[in-house]
Amino acid sequence: MGVLLLSGTASGMSLADGKFFIHGYGHLSTGRTWENVYLSGDDDLGLHDVGSTLLFRALPMERLVVNTQFSFEKEHGQALELEVDYAFAEYAFSDKLRLRVGRNQLPLALYSEIYDVGTLQPFNALPQGTYGPTSIGVENYNGLGLTGRINLPGEWMVEYDAYGGFLDQKDPLTQDCDDAEGGLCVIESQMAGGRLALWAPLEGLRFTTSGFVSRNPEEKVQGEHDVLGVLGVGAEYLGESLWLRAEFFNLFAEETQARTGYLEAAYFVTPHWQVAGRVEGSRTWVPNTVSAGAISYLRHREVAVGLNYWFDPHLVFKVSFHNVIGNRFAMPEPTDDLAALLHPKHHTRLVSLGTQFSF
């Protein structure tokens, strides 16, 4: 607790006369669920997620920025793992054109660049249909990217991203899997995509449209590859007291399709107390899925309400209640009882507790 309180009052470290910066953030969450396992909760508070991230940013010369981010993560039932989230160089030709190369942030959805920064989110976990264990929720890619900002008349501004390279898609629905990570199938794919963001004259308001197309380099049959496409729209308003976010995404593939969306709102009743709410829906279609139990594994509906206490903008404690219908992300306890797995309980309730900090 002492470490968290001390970290919460920091604002990052600047070294080498402002040419080297160190930032970081971390989280700890647990929960109590009824009926199924969901996020960091089970029926006896035995599960928890913990993680810490360090971001190093260097400015070795004018117009060149080098970013490296490492994360230590421990999800329930897994060992502590070290992962390189990002490692890329950015060269700015101008504000309108910047080149990125390396392991980059995937500029897709609203939370893409702040994926694990809990002090910029009203809940302990992001909407699972968009940012959870699906082919939509990809955090990074390896390759090249172009980005920039263009000012428009009337104080409007357009921000664009175009990118291409390789990414690791994590899909729990794939049957034939040569590589697995955390119970998910990892598919190394070639990809290209882009994003457009329109910033309004009202500070904190933007609208986005984004998407990518990926291809499995291994041939399914002679001359044919598995191709997947993701396309979505979003909008957000981040004011001093009110936060609003909404997104909708479609996933298209030959063997599966998915639609997901959410609406999220949070409001500071006082400078320290914040209330939050979210509604979310996700639906997946897989051919030849006929049993009622199997269909439940392709559906997710959720209503969540939360109450947060902010010591300051860098340290927050959160509690929330989640009512979930479907088993797309809320799974039964591991068991050898095949009948229980084929006919899971569809209704899950979760009380989530957590703390998040940044500097």
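User: Is E35 buried, exposed or partly exposed, and what is its relative accessible area?
Analyst: This is a predicted model, in which local features need pLDDT of at least 70, side-chain atom pairs count only at pLDDT 80 or more, and totals for chains, interfaces and linings use all residues. Residues are numbered from 1 along each chain as its sequence is written, and side-chain values use heavy atoms, with hydrogens and water left out. Buried means under 20% relative accessible area, exposed over 50%, and partly exposed in between (1.4 Å probe, protein chains only). E35 is therefore partly exposed, at 40%.

User: Which residue does E35 meet in a salt bridge?
Analyst: A salt bridge puts a side-chain nitrogen of Lys or Arg within 4 Å of a carboxyl oxygen of Asp or Glu. The N to O distance here is 3.3 Å, and the partner of E35 is K345. The two are 310 residues apart, with E35 in the loop between β2 and β3.

User: Which residue forms a salt bridge with E113?
Analyst: The closest N and O atoms of E113 and its partner R195 are 2.8 Å apart. E113 is partly exposed, with a relative accessible area of 26%.

User: What is the relative accessible area of E159?
Analyst: The side chains of E159 and R149 meet in a salt bridge, 3.3 Å from N to O. R149 is partly exposed, at 39%. E159 is buried, with a relative accessible area of 10%.

How values were computed: Helix = DSSP H or I, 4+ residues; strand = E, 2+ residues; numbered from the N terminus.
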